Amino acid sequence: MEFFERFAVPHPSFAIYASMVGIALTSLAIVVGLTYFKKWGYLWREWITTVDHKRIGIMYILAALIMLLRGLVDAVMLRAQLAIPDNTILDSQHYNEVFSAHGVIMIMFMAMPFLFGLMNIVTPLQIGARDVAFPRLNAISFWLFFMGAMLFNIAFVVGGAPDAGWTSYFPLASEEFSPSVGTNYYMMSLQLSGLGTLMTGINFLTTIFRMRAPGLKLMQLPMFTWAMLVTNVLIIAVFPLFAVALAFGAMDRMFGTQFFTIGNGGMDMMWANLFWVWGHPEVYILILPAFGIYSEIISTFARRNLYGYKSMVASMVAITILSLVVWAHHFYTMGQGVLANSIFSIATMAIAVPTGIKIFNWLATLRKGKIEFTTPMLWSLAFIPTFLIGGVTGVMLAMASADFQYHNTMFLVAHFHYTIIPGVVYAFIAGLIYWWPKMFGFMLNEKIGKVSFWLVAIFFNVTFFPMFITGLDGQARRMYTYSEETGFGPLNLIASIGAIGLALGFIVLAYNIYWSTRYMPRNIGSDPWNARSLEWSIPSPVPVYNFATLPHVKSSQAFWDAKTKGHNLFPDKVEEIHMPNNSGVPFIMCVIFFIGAFSLIFDMIPLAIASLIGVFACMAYRSFEANHDHGYHIHVKEIEETEERLRGANK
């Protein structure tokens with residue numbers, strides 16, 4: 001019995017028991033549904049074992065949308081607790097657990113998979129490639145992320161959730177102050193998903209450099225692909241550092257080492273430095289792809305070439321470099337000295353310059369454009385003024401002396417959300433709507449989409465703008481309650497009402513997906529937006545081989561030039577296409593990774609060692625399998641029939 005007590009939740013509550021019941025019922029419903037409709041074989045053949053980058057991208061996006069729902073539930077719980085003074089919906093422990101989970105889920109398990117989903121679907125198509133450089137590695141990357149996300153989410157019902165914040169600062173995250181296994185979950189789940197992220201960075205950087213269509217030069221890449229290129233450079237640069245930090249933290253907690261302890265030679269500030277050396281570039285790993293999405297959408301619906309192509313590329317490269325040298329602005333108050341604070345303050349303000357260049361270029365693209373106010377365009381236009389508020393308040397926070405006043409207040413929370421939500425979430429929703437017809441062969445409903453947009457755009461400001469005021473008035477962040485005498489009550493109530501409206505906007509978005517899946521027409525053509533880049537030159541949805549013949553590119557907007565100037569994008573004859581086989585090994589190997597990580601969390605060392613052996617066995621199996629698994633060929637006749645069928649349906 002003592003063994004099973006290790007898995008008990010240390011701070012149970014009605015919400016946790018309800019979560020246990022919900023997880024059990026949902027799992028049962030999935031098993032019963034798949035069995036009743038006889039879909040186990042289909043699920044295994046077409047999705048679990050797939051190495052098709054488009055299907056992997058769709059799975060990333062589905063996971064991101066589910067995690068968005070989970071993160072919204074956490075956010076509503078936080079705002080419900082703060083809605084009125086001296087509230088008791090959540091106690092201090094559960095509040096800590098909820099806001100810790102909210103941050104990790106929204107950054108690592110919602111925003112990152114959304115990014116990887118769009119990158120998987122769009123990037124190979126924009127460069128005229130038939131696949132990614134390493135298809136099986138791509139599958140392993142997804143399943144590692146997925147197992148990390150599942151590991152993090154079961155913490156609430158098995159053993160206890162992380163409670164040291166999404167930054168998991170030491171010594172708060174040490175065994176002394178966080179004795180449950182919650183922080184172990186944090187360390188191992190982020191290690192798994194981070195390993196998958198690093199693999200993705202290597203895979204897609206190789207894909208962009210080595211698999212471009214004939215004639216496509218680097219300075220002709222679409223802006224979204226340029227954003228992916230610099231993003232993957234950042235991923236490769238900083239995720240190994242985070243992996244080291246997580247490994248050191250796990251060893252401190254599980255094996256008694258002294259890397260981050262406050263005694264015996266450890267340095268708790270080393271965690272803060274390693275975390276933010278990764279953590280601030282991580283913000284730009286999310287923002288840079290968003291900039292690429294906005295560039296594609298604004299250019300398409302302004303009906304103009306993107307203004308200042310070279311300056312847009314240069315500004316992204318500048319942002320990438322500067323993002324690596326600003327991490328210490330997250331702890332001006334640690335006492336690092338005036339000189340160090342001044343250097344990081346200047347670097348932080350400097351990063352606003354290339355960001356400003358991009359905003360002026362988007363505005364110049366819109367100037368004299370024939371703007372179409374489609375739903376993706378509305379999200380993109382709303383981003384500019386909203387993100388500007390986040391940027392200006394960021395410059396305020398960049399001033400070290402002023403940051404002593406702002407740093408630990410709700411002002412910082414408001415700034416962060418004014419940066420991340422319009423700068424990332426708006427972009428990913430805009431990108432999802434924009435590329436949805438390319439993924440599924442039908443469009444999302446514009447009327448319902450605009451209702452969702454206005455709800456989110458309005459209630460986002462209702463939710464977060466009051467936090468600037470309460471923060472300046474002294475409301476500390478991470479504080480789970482406050483007294484009526486503080487005067488924070490009315491503005492917090494407004495913010496909490498805004499959170500309900502914001503959640504409603506995302507519910508309408510989910511309803512739009514459901515409604516459109518059932519009722520929207522499928523004969524939309526391959527280019528419903530009258531777009532400019534290569535992905536719109538092939539049928540919707542995209543066949544498994546992407547391009548029947550590889551395009552020959554002569555400009556940065558090859559498809560637009562083909563439509564307007566008569567360029568022949570596909571001069572070659574159709575030939576047999578070689579494609580990789582599906583494989584169950586990536587999924588099986590990542591399940592073993594999951595078991596090994598779970599074993600380490602609960603100090604079950606023999607099972608962890610057995611899991612490590614299992615991972616190496618999967619690698620060895622693949623080494624021998626590669627000798628006789630040469631993929632398969634799609635014959636010319638099959639390609640021609642597929643093209644005729646899809647293009648006929650797209651008329």
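**Figure 1. Domain 1 and domain 2 of the predicted model.** The domain assignment of the protein gives domain 1 (1–301) and domain 2 (370–540), the bounds coming from an automatic or database domain assignment. Taken over C-alpha atoms, the centres of domain 1 and domain 2 are separated by 20 Å. In the interface, 48 residues of domain 1 are in contact with 55 residues of domain 2, where contact means heavy atoms within 4.5 Å. This is a predicted model, in which local features need pLDDT of at least 70 and side-chain atom pairs count only at pLDDT 80 or more, whereas totals for chains, interfaces and linings use all residues. Residues are numbered from 1 along each chain as its sequence is written, and side-chain values use heavy atoms, with hydrogens and water left out.

Figure 2. The peptide bond from Phe170 to Pro171 is cis, with omega near 5°. Pro171 belongs to the loop between α6 (135–154) and α7 (182–210); helices (H or I, at least four residues) and strands (E, at least two) are DSSP runs, numbered from the N terminus. Ser540 and Pro541 are likewise joined by a cis peptide bond, with omega about -5°. Pro541 is placed in the loop between α17 (489–519) and α18 (558–565).

Figure 3. Lys38, a residue other than glycine, has a positive phi near 55°. Its position is in the loop between α2 (14–36) and α3 (40–48). Lys38 is exposed, with a relative accessible area of 73%; buried means under 20% relative accessible area, exposed over 50%, and partly exposed in between (1.4 Å probe, protein chains only). For Lys368, phi is near 65°, again a positive value in a residue other than glycine. Lys368 lies in the loop between α12 (352–366) and α13 (375–398) and is exposed, with a relative accessible area of 70%.

**Figure 4. The aromatic pair Phe239 and Trp278.** A search of the whole structure finds 65 aromatic pairs. The ring centres of Phe239 and Trp278 are 5.8 Å apart and the planes stand at 85°, so this pair is edge-to-face. Rings of Phe, Tyr and Trp (its six-membered ring) pair if their centres lie within 6.5 Å; planes under 30 degrees apart count as stacked, over 60 as edge-to-face and the rest as tilted. The pair links distant parts of the chain, with Phe239 in helix α8 (residues 223–255) and Trp278 in helix α9 (residues 268–302), 39 residues apart. Both Phe239 and Trp278 are buried. They belong to one aromatic cluster, whose members include Trp166, Phe170, Phe242, Phe248 and Trp271.

**Figure 5. Charged side chains over the rings of Tyr42 and Trp47.** The charged end of Lys39 sits over the ring of Tyr42, 5.2 Å from its centre. Arg55 lies over the face of Trp47, at 4.7 Å from the ring centre. A charge sits over a ring if NZ of Lys or CZ of Arg is within 6 Å of the ring centre and within 35 degrees of the ring normal.

Figure 6. Helix α20 (residues 605–625) has 21 residues and reaches 30 Å from its first C-alpha to its last, close to the 30 Å expected at 1.5 Å a residue. The expected span is 1.5 Å times one less than the number of residues. Ala608, Ser611, Gly614, Val615, Cys618 and Glu625 are buried in α20. These residues cover an arc of only 110° around the axis, which puts them on the same side of α20; the arc is that of the directions from the helix axis to the C-beta atoms. The buried residues of α20 pack against α6 and α19 (585–601). Exposed residues Pro606, Ile613, Phe616 and Phe624 are carried on the face turned away from the buried side.

**Figure 7. The surroundings of Ser483.** Ser483 lies in the loop between α16 (446–472) and α17 and is partly exposed, with a relative accessible area of 28%. Not counting residues up to four places away in sequence, Ser483 touches Pro85 and Asp86. Ser483 and Asp86 are 397 residues apart in sequence and 5.7 Å apart in space, C-alpha to C-alpha.
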